Amino acid sequence: MPIHPTAIVDPQARVAESAEIGPYCIVGPEVEIGARTRLMAHLYLEGPTTIGEDNIFFPYSTVGVASQDLKYKGERAETRVGHRNRIREFVTIHRGTQGGGLVTSIGSDNLLMAYTHVAHDVSIGDHCILVNGVTLAGHVSIGDWAELSAFVGVHQFCRIGRHSFVGPHSVVTQDILPYSTTVSEREMKVFGANRIGLERRGFASGTIESLQTSFRLLTRSQLNTSQAVERIRAEVPAAAEVDELLEFIRSSQRGVVK
């Protein structure tokens with residue numbers, strides 16, 4: 001059982017002979033770690049926690065720590081992690097609470113990317129992917145093969161159906177249908193030139209006004225983009241920055257936010 005000399009492993013922890021505990025890891029009492037599971041470095045684990053076989057935990061994650069739920073009063077609750085999971089950097093996994101069955105559980109063959117948060121009493125199935133910054137509130141249930149894109153936030157008690165895909169930056173406040181592709185509505189708008197920033201960087205007032213007029217034609221004139229570009233070329237005083245703006249529009253392959 002390779003345990004780095006800087007690691008601290010409580011005598012009450014149960015660690016398989018083939019597991020690996022890397023530098024500066026802290027493994028508390030009542031933590032069980034299965035065969036060939038690897039804690040790379042700087043992991044913090046509290047029990048009761050059961051971790052299966054062939055998992056890999058990247059640096060700076062915490063597993064089994066107390067819930068942030070203000071109703072949690074220190075009642076005995078646990079965390080369960082299955083097999084062959086990949087837990088990336090700065091993932092936080094909290095143990096269960098009295099109000100949610102006292103268990104937070106993660107199945108097998110999942111990928112939790114950096115900065116994912118798994119709150120108290122969450123249940124994650126198998127073969128799921130949680131991309132960077134996914135945040136799960138308490139009591140969330142995620143079915144097998146679900147994929148949550150970057151920075152998805154899921155409200156407490158919501159269910160994510162099996163084989164579903166949730167698009168990036170979505171805010172989930174209701175259950176997600178199984179087999180669906182779902183994304184929350186989001187709108188981006190241009191409100192004009194970055195006047196304050198340009199002034200701070202020494203851009204001439206005439207240049208800023210030309211840009212402001214260009215943005216007004218692009219976003220508030222009820223013209224389509226091609227028509228607005230024609231008006232800009234005809235009416236806005238020449239400036240290298242305006243030319244750069246128009247070239248940026250011309251070369252866009254995904255369309256531009258207006």
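**How the strands pair**

Mentor: Let us begin with strand 21 (residues 147–148) and strand 24 (residues 165–166), which run parallel and are joined by two bridges; please keep in mind that this is a predicted model.

Trainee: Which residue is the bridge partner of Glu147 in strand 24?

Mentor: The partner of Glu147 there is Phe165.

Trainee: And what sheet do nine strands form, in what order?

Mentor: They form an open sheet with parallel pairing, and the order is 3-6-9-12-15-18-21-24-26. Strand 3 (20–21) and strand 26 (181–182) stand at its edges, and each has a single partner strand, so one side of each is left without a neighbour in the sheet.

Trainee: Changing topic, how many bridges pair strand 11 with strand 14?

Mentor: Strand 11 (residues 78–81) pairs with strand 14 (residues 103–106) over four bridges, in the parallel sense, and within this pairing Arg80 stands opposite Ser105 of strand 14.

Trainee: What about strand 14 and strand 17?

Mentor: Strand 14 also runs parallel to strand 17 (residues 123–124), with two bridges joining them, and here Ser105 has Ser123 in strand 17 as its bridge partner.

Trainee: Okay, and where does Thr62 come in, opposite which residue in strand 13?

Mentor: Thr62 stands opposite Thr92 in strand 13, and strand 10 pairs with strand 13 (residues 92–94) over three bridges in the parallel sense. Thr62, in strand 10, also has Tyr44 standing opposite, while two bridges join strand 7 (residues 44–45) to strand 10 (residues 62–65), again running parallel.

Terms used:
Residues numbered from 1 in each chain as written. Predicted model: local features only at pLDDT ≥ 70, side-chain atom pairs only at ≥ 80, totals over all residues. Heavy atoms only, no water. Pairing = 2+ DSSP bridges.
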